Structures are given as C-alpha cells and as structure tokens.
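Subject: Structure handover

Hello,

Here is the structure you were going to look through. Please open it beside this message and follow the residue numbers as you read.

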Amino acid sequence: MDDPSRRLLIGPATLTLAGIALFAAAPGLGDLVNLPPDGVAALVLHHATGVWMFLALAWLAARCCDLLLGRVTVISRNGVPFPRVFTDLVRAALFGAAAVIILLVVFRQPATGLITVSSVVIAVIGFALRNVISDLFSGIALGVDHPYRIGDWIETVQGSAGRVSEITWRTTRLTDRNGFVIVVPNGLVAGQRLINYGGGERDYRVALRVPLDATLPAARAKRILLSGALAAGRRNAGLAPDALLAEYGDGSAIYLVRFRVPDYGRENACRDDVASWVLNALHCAGQTIQRGGPDAPCPVPWNSPQEALLMQVDLFRGFDAAERADLAARLRPRELAADQVVVRQGDPGDFLYVLAEGLLNVEIVRDGAVAIRDRIAPGEIFGEISLLTGQPRAATITAAFESVVYEIHREDLDPILRRRPEIVEGLATVMAERQASNARYGSKPETVTAAVRDDLLARLRHLFGL
C-alpha cells in the first residue's frame, strides 16, 4: 500500500537526480554546443548545475528528516510533535552545509579565506543580535529539554501565564484564560522560574485562605469548611478537598481549604465555586469571615445562628425579620454522627429538615439497586414532601460525617402560612422540582409541569386549611 508521506519525496528526489545528471553532463553539454572549456558560458553552466544539485540534495535531506521525526513522534512521543524550532534548526543546518559545500566545491573558494570572512561576519552579527541569538539558543535548549509542549498551561515571568499555542525560534506564544495572546522571548522563559500545569491530563492542588474566629473550635471549623468544599464537588468532580488549620494571627485562625483542579483553564471557576459554597456553609452555621485584628467589627445581618440558617434557605427568604425570628425560635437541633441515618426510604415523615452543618448522602433504591443520587449541602431542606403531603420518605439519607440538622414540624409552619398564604405557592414550586429531580432516577422521568405544581398547591392548601 502506498504511503502518502512518501509522495513528499517525489519533488526533491526528482530535482536532485536531475541536478546530479546535469552537473555530471555539464562538460559534455559544453562540447556539444561548442562552448570554450574556459569560457564564461561554460563556467556559468558548471556553477548553475552545481548549485542546483547541492540545494536539491539539501531539500531532499530536509524532507527525509521531517519524515523521520514524524515517525519518531508516532512511535515514542505519544503523537506530540517536535517543537518547530528544532525542525527549523535541522533545515537551517542542512542548507548551511550545502552553502559551504557549494562555495568550496562549485566555486572553489579557499577554506582559509572562507573561515576568516565567516568569523568576522559572525562576530559583527553576534554583537548586533546578541539578544536575538540568546533567545534562539534558549529556544534550542527548550526544544531539547521539552519542559513544556503545545497545549500545556504554563506560568513563566510575572503576568505571563497561559496555554502554549506555538513555539518558534525566538518566542513562545501563550493564550491566557481571557483569550489574549502573550508573546514571551525564549530567553526570559529559560532564565526564569517555570511552572507547568500540564494540558489537562493531570490535576494539581490549590488552596483558599479562610480567616475565622480563633475561639471557634478547630474541629467544628474544619467540618464547616469541608462541608462547603464537598458541596462544590457536586458540579466539579475530583476536587478531593480537605481543610487544615495553618496558623494564628491578629486574633484569627487561618484555615486552608485545599482542593484539586483538573485543568488550569478551569482554576478560576473551581475557586469561585468552592469559595461560594464555603461562604454559604459558614453563613448556615452562623459564622463569618474574620476581618482585621481581634477588635475589628464584624457585623452580621442576623441575631442567631438559626436565623442565619433560614436566610440561606430559598423557601424562607420571603419571610420578614419577625417571621424568621419566630420560626428560628421553634427549630429543634439534632446532632448526627458519621453514617447515622436521618430518614429511611419508605418510612412515614413527620418533620421537615434543614441542614446547618456537615453533609448528607442521599440513596434511592430502584428495582433492588442502590444509587447515590446526590448530596445535601448546608442550607438545603429535605423531607418536605413527606411532611406536607403524607407520602412516605422517597430516599434514605445518612450523614457523610458529623452533621447538624434542624427539625421543623408542621405546627411550626401553620401560624406563618395562615398569616402569609402566598408562601404556599413557593413551597409547592420547590416540592414539584424536588419530585421531578427524584423521578430522574426511576423508570419514568418527569419534568416540572404546571399540573404537578397545581396539584401540590391544592394539597397544601387543604392540609393547612387555606
């Protein structure tokens, strides 16, 4: 079977054979047309065919090297091509050698004079283009060492971080996370610290610094921070977070929330997600970020941790301050040990729960198989469908580690709903969305429709006599 890559050799091979033939036949051609052997015309014919032959040979050798490097790439470099600066260097060396041979063989220039003139020219050019030459040789060194490849995310000099899009003789071109192109001289890349984040085939760890009140017990602080970071993992797989107490300073305890980033291009998005969920977990626990020194004021828009928790629940954000305070006073705390079952699928439901601290696992049994559907994060409610409609529990929920939930009984909501019946509509919407979410794991997926919402709304109004 014909190899298409070999067709690239047809042109230079043809010119090389023609050049060799003409160079060898040049004396005979001169005699054939009665050219004087020492005449200008014969000399021009000799020089032209000689230049043709050696340049064609250099072109053929360059094409052969390209094919050879391509084969080596496929066999031993996992399809990653050699840097362009390396292949350009090989071509330059071949054509440079051809030029020297042409001067020595075709034009019969003395080697001593050639070396002398070349040395002077090289010295002048080297002094004038010293920075360019430095970048050039740095590019050669980078091409040999391969500290990064096309597609890698790297960080070089300050403010120069992005994905490698091109490596040339003098520069490395980067495309940053905003789409801007950064051109960095290879001399700067080789002379500065270089961080290679990879091209997405490996992850790396970053950390968020979170200053908290030093009086907060370390075990509880770590649990709150970890629950937020794990909640962010529901949309970003592979974060593998942990929380560490790093140091004390200015009356605050500095914690590190560490997590893994799968790709440098997604680092900002991962940081935003983790930071948002960590802040949400802190607010649900009635805590805030510590600012300044120990005497720095840190005002909060709540009077108790329970009120802070209710402010994070979408269902209760429509409550005014008095209603929120009234419901917060009725909340019943329940501390959970790791792996403790909160509710079990199929059991009757008497309470609505709000998760304040920790993380909960949700398991649903369908046709005898258990699927971990999701995780419940701080500030999220569960058990509302069973409490408000009388249906059995739709899932088994267990604590991933030590957690705190608050129970809300039907009689806790009754006086508020009677005063504010419009809240029932929001409750019906949340319940309809939750039912549709649970149905995705059954045999008949559902969507949130007006009919489902209206049916739940009618049940709630009947249940509370509205």
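The model is predicted. The protein chain has 14 helices and 16 strands. It has 466 residues, and 38% of them count as buried. Among contacts with a separation of 6 or more, 67% join residues 24 or more positions apart. The chain exposes about 24,500 Å², and carbon and sulfur atoms supply 59% of that area.

Strand S8

Strand S8 covers residues 252-261. Seven of its 10 residues are buried, so the strand is mostly covered by the definition of buried as under 20% relative accessible area. S8 pairs with two strands that you can find in the view.

- Strand S6, residues 204-213, pairs with S8 in the antiparallel sense over 10 bridges. Within this pairing, Arg209 has Leu256 of S8 as its bridge partner.
- Strand S7, residues 242-249, also runs antiparallel to S8, with seven bridges between them. Here Ala243 stands opposite Val257 of S8.

S7 and S8 form a hairpin with two residues between the strands. In that hairpin, Asp250 takes a positive phi near 55°.

Ile397

Ile397 is in strand S15, which spans residues 396-399. Is this residue buried or exposed? Its relative accessibility is 6%, and because the cut-off for buried is under 20%, Ile397 counts as buried. Leaving out residues up to four places away in sequence, Ile397 touches Gln340, Val341, Val342, Val343, Leu360, Asn361, Val362, Ile376 and Phe382. Glu363 is 34 residues from Ile397 in sequence, while the two C-alpha atoms are 6.3 Å apart in space.

Glu407

Glu407 is in strand S16, residues 403-408. What is the nearest side chain of opposite charge to Glu407? It is that of Arg334, 4.0 Å away. Glu407 is buried, yet it has no salt bridge.

Regards

Notes: Residues numbered from 1 in each chain as written. Predicted model: local features only at pLDDT ≥ 70, side-chain atom pairs only at ≥ 80, totals over all residues. Heavy atoms only, no water. Buried < 20%, exposed > 50% of the residue type's maximum accessible area, 1.4 Å probe, protein only. Helix = DSSP H or I, 4+ residues; strand = E, 2+ residues; numbered from the N terminus. Pairing = 2+ DSSP bridges. Contact = heavy atoms within 4.5 Å. Areas by Shrake-Rupley, 256 points an atom, 1.4 Å probe, with all protein chains shown as cover. Lys, Arg positive; Asp, Glu negative; His and termini not counted.
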